[in-house]
Amino acid sequence: MRKMLRGGRPYLLQLLIVGAVIAATAFVSETAQPVAAQADTPQFRLPFAGPPGPDTWFVSQGYGTTVWAYHNWPDLYSAGQGIHFGVDFATRCGREVLAIGDGTVLGIDGPYGAPPHNLAISHPGGYVSIYGHLRERTTLVRVGQQVKAGDVVAHSGDPYSPSCDRAPHLHLEIRINGVSTTTNPMNLIPADWDRLTLGVGDGGTNFAQNLTDPRQWATLRDQPDIHFGGGIIVNYPTWEPYA
Amino acid sequence: MRRIRAVPLAILLILVACSSGATTQTAPPSSPPAAPTTLPPAATATPPPVAARQDTTTAAPVDTPTLAPASTATTVPATATTQPFTPSLTKLTDGGCCRNPVWHPDGTRVLYTDAVPGQRLAATYAVPADGSGPPTVFFPSAATVAPDGSRIAFPDFANNVTRIQEFGKQSTATIANNAAYVWFSPDGRQVAWLALAPGPQPSSNVDRLVRVWVANADGSNARARGNVVRAAELAWFPDNQRLLFVGRDTDGGNPGIYVLDINAGTLTRVVEAFSPRGARLSPDGTHIVYLAALEEQPGDNGLFIVNADGSAKRKLPLIGGIRWAPDSRSMIILPVQTDNGPDQLVRIEATTLATTPLTDRAALPFRVAQDEWQLSPDGARIVFNALTDSNIYVLRFAS
């Protein structure tokens, strides 16, 4: 059964996501290719104003080899070597999304995946922040516009429900190397990340332990960069109390 | 196909062989606390990768995170009183080795999964909870011990099954479940697991389509129960007849907390919520505590306690990781702190919702990594993975 599901017929949405993400490694929408990330890391911030909480926003899936990604990568994350290549912030649709750093709008609804709408902002040092699952094609900014950290640039949405009743959340990525690679936002955005989950541990915040290397990629911050189009890196045995 | 099926057959045969030996040397749950179980030579020939510190410390290092977003979590009421017992921390491991520590049912040992030198797959280690000895290999595979301590379940990736062994017996039961994780019933006589439902798995951002399966611990009477649902984790009621889980309909709608009667096969949504998380059933099966999030009305968000049928909903005064005390009369919570500082243990009475701090943040600073903690069987200690150094600590907060 699992063989059929994991290796069987691809689904249209999966193909669209995978294709879009891979395409993003080849060209960038509406503007020039960003330069490779440099040593000088810009000062980033969280993408929301106000405190986290069950009635505002919180982290529902970390970056990396989460248990949830381990089980769902064939449907969602095959383009990203099988890991969750961003951070998911659960929040109701329509929450204002803030630029995480100073930069220039690189693309709106470009080939970055994370449907139904996305936004990309280029930052100094070769970093690109990508905001996915936006409610609408944002009109709050335009391509080429300079933005400051904390500027409202979009509204959050739900990837699979126009009525926003399934899994509303913001998917945030930070890419480097000309957007061909993602890196862990938790290492670039200062925050008490372990508490942004509101104390709830589940398949989105626990990591699938590699039983052939059990100390590998074990924490919220110790997670691998991935290269779009690279091989799957989560084909390892695990034994986790989340399915 | 899962790559895990590519595990060399020889390795798995060794593991199975070792497991048979281990069960004969492991104390049954009724036995008095014993020294860490040793294994046959094949497994014990290699030393454990970490060495336990024998000393008991009163403080763990705490890092200084850079930025703490504010939280809606409230602080412990100033009127609460601190109990006279002086809590203490005991460091059990070194080397930043360890994740997801759990208590052995006898309460004397802590189990966790780590590498074994020279062995391809990780093993289950046991370390004395009082820090009196180093970690030793408890079982030559990742494994799950039944709540009553009678049995152990472990994956056999080569054969794509889960195996269950009763301590003190040589025979091994086999569950043909794609080597899925299993949840033991409280009496240890049944296991449940989640299997992918037949047919397509449409892309989504909610849990996968699964069916709940149940079998006797001897491998017999495996059967699917209830309808196809979206779920990822199970919890048994103490009657060994019902299962609780956070789930959704097949189309992703009707989110809530469900109860599955495994005899009748009926599924009941006892809690309706937009995005329920972290549901925990009280040990006596009478109450559920869960986090409600992203509800339209702000007052509807937070930690709630309800009767097991969903009635009598009450809001807790704190937010954070929470566990039930063994007697089901109170809960222990690690409230989400707003100042980047250390964690604190707090007790919440189930009837009155009164809170009592169990530790002093200044006197006993500690940080728990990402909800990786568990309350001891006697309800007087927690074991946790420390955010500060990724080692395992036991914090005793009551005598």
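The side chains of D192(A) and R367(B) form a salt bridge, 2.9 Å from N to O. A salt bridge here is a side-chain nitrogen of Lys or Arg within 4 Å of a carboxyl oxygen of Asp or Glu. Across the interface of chain A and chain B, six salt bridges are found by this rule.

This is a predicted model: local features need pLDDT of at least 70, side-chain atom pairs count only at pLDDT 80 or more, and totals for chains, interfaces and linings use all residues. Residues are numbered from 1 along each chain as its sequence is written, chains are lettered from A and ligands numbered from 1 in the order in which they are written, and side-chain values use heavy atoms, with hydrogens and water left out.

**The interface**

In chain A, 74 residues are in contact (heavy atoms within 4.5 Å) with 88 residues of chain B. Together the two chains bury about 6,600 Å², and 55% of that is on carbon and sulfur atoms. Buried area is the accessible area (1.4 Å probe) that two parts lose on being put together, summed over both.

Between chain A and chain B, 23 residue pairs are in polar contact, both residues at pLDDT 80 or more. A polar contact is a pair of N or O atoms within 3.5 Å; within protein, one must be able to donate a hydrogen and the other to accept it, and residues adjacent in sequence count only if both atoms are side-chain atoms.

Which elements of chain A supply at least two residues each to the side that touches chain B? They are α1 (2–7), α2 (12–24), β1 (57–61), α3 (67–76) and β2 (87–91). The largest share, six residues, comes from α3(A). Helices (H or I, at least four residues) and strands (E, at least two) are DSSP runs, numbered from the N terminus.

Strands of a sheet pair through backbone hydrogen bonds, either parallel or antiparallel. Two strands pair if DSSP finds at least two bridges between them.

| Strand order (chain B) | Pairing | Edge strands |
|---|---|---|
| β23-β24-β25-β26 | antiparallel | β23 (320–324), β26 (355–357) |
| β7-β8-β9-β10 | antiparallel | β7 (144–145), β10 (172–175) |

Strand β25 (346–349) of chain B pairs with β26(B) over three bridges. There, R347(B) stands opposite T356(B). Two bridges join β7(B) to β8 (151–156) of chain B. T144(B) stands opposite A153(B) in β8(B).
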